[in-house]
Amino acid sequence: MTEQSCGIANFLLLLCCRMKHCIYPGTFDPITYGHLDVLSRAAKLFDQVTIAIAANAGKEPIFSTEERFNLVQNNVAQFKNVKVVGFTGLLVDLARDLKADAIIRGLRALSDFEFEFNMALMNRHLEPKLETLFVMPNEQFSYTSSSLVKQVAKYGGDVKHFVPPDVAAALKKAYKV
Ligand code: COA
C-alpha cells in the first residue's frame with residue numbers, strides 16, 4: 001500500500017468511526033488552559049462537543065455556576081462546534097437528554113487514573129451505551145489543576161501561564177488581591 005492510499009484509508013476509517021457528539025464534563029472552577037487543551041482535541045474528533053458545567057456544590061466552588069459558565073463561554077468562542085451548558089444531577093441523565101454518544105475526559109497523569117476509571121465504570125453501569133474516552137493534554141499542563149491555580153491566585157501569585165486573562169482577572173477580584 002502506498003503512503004497516499006494509506007492516508008486515504010485512515011481518513012475513511014476516521015469518517016466511518018466518527019462519533020457525533022461528546023460531553024466534556026467538569027466543575028471548571030475555573031477553566032484552565034489544561035481544560036482548553038483537552039477541549040481543542042475533542043473538538044477535532046467530534047462534530048459537536050458540549051461542555052457540561054456541574055453545579056457540584058460538594059466541591060464548594062468559589063465561582064457560581066453562572067460565573068463559571070460565563071468564563072467558559074468567553075474562552076470557547078473560537079470553537080464553532082462547542083456549546084456550554086450547566087447541569088445538576090447525574091451526568092448520564094444529561095447525556096441521555098442531549099443524545100450524546102460519549103463522555104470525554106483528560107488524563108493528566110497516572111494519579112488521575114483511579115478516579116477516572118471508577119467514574120467511567122460507574123457511568124457505564126448507569127448507561128451502558130455511553131462510552132468514556134480519554135485524551136492526554138499537553139505535558140506542560142500535567143500539573144495544572146483548578147485548586148492549585150486558586151491557591152496561587154489567593155496569595156497573589158502569577159497565574160497567567162495557567163488561565164486565560166479574564167479568568168486571572170476574575171480570580172484577582174474573587175480573592176481581592
Ligand atoms: N487541565 C487542568 N486541570 C484539569 C484537567 C486538565 N486537562 N483535567 C482535570 N483537571 C482538574 C480540574 O481542574 C479539577 O481540579 P480541582 O479538583 O483542583 O478542582 C480536577 O482536575 C478534577 O477535574 P474535573 O474535571 O473538574 O472533575 P470534577 O471532579 O470536578 O468533575 C464531574 C467531576 C463533574 C464530571 C463528576 O463529578 C460528575 O459527573 N458529576 C455529576 C454527578 C454524577 O453523575 N455523578 C456520578 C459520576 S460517576
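What percentage of the 177 residues in the chain is buried? Buried residues make up 30% of them. Buried means that 20 or more other C-beta atoms lie within 10 Å of a residue's own, exposed means 12 or fewer, and partly exposed lies in between, with C-beta atoms placed from the backbone. This is a predicted model, in which local features need pLDDT of at least 70, side-chain atom pairs count only at pLDDT 80 or more, and totals for chains, interfaces and linings use all residues. Residues are numbered from 1 along each chain as its sequence is written.

**View 1. The chain has 7 helices and 5 strands.** Helices (H or I, at least four residues) and strands (E, at least two) are DSSP runs, numbered from the N terminus. Along the sequence the pattern reads α-β-α-β-α-β-α-β-α-β-α-α.

**View 2. The largest nonpolar core holds 37 residues.** Such a core is a set of buried Ala, Val, Leu, Ile, Met, Phe, Trp, Tyr and Cys residues joined through C-beta atoms within 7 Å. Residues with the most contacts inside the core include Cys-22, Tyr-24, Leu-39 and Ala-52. Strand E2 (residues 48–54) gives the largest share, 5 residues.

**View 3. Ala-52 and Leu-94 are in contact.** Two residues are in contact if their C-beta atoms, placed from the backbone, lie within 7 Å. Beyond neighbours within four places in sequence, Ala-52 also contacts Ile-23, Tyr-24, Pro-25, Val-85, Phe-87 and Leu-91. Leu-94 sits in helix H4 (residues 91–98). Leu-94 is buried because 20 other C-beta atoms lie within 10 Å. Leu-94 and Ile-23 are 71 residues apart in sequence, yet 9.0 Å apart in space, C-alpha to C-alpha.

**View 4. Helix H3 (residues 65–74) meets helix H7 (residues 165–175).** Their axes come within 9 Å and cross at roughly 155 degrees. H3 is therefore roughly antiparallel to H7, a term for angles over 145 degrees. Axes are lines fitted to C-alpha atoms, for helices over the stretch in contact, and angles run from 0 to 180 degrees between N-to-C directions. Glu-67, Leu-71 and Asn-74 in H3 meet Asp-166, Val-167 and Ala-170 in H7.

Methods
Parallel < 35°, antiparallel > 145°, perpendicular 65-115°, else oblique.
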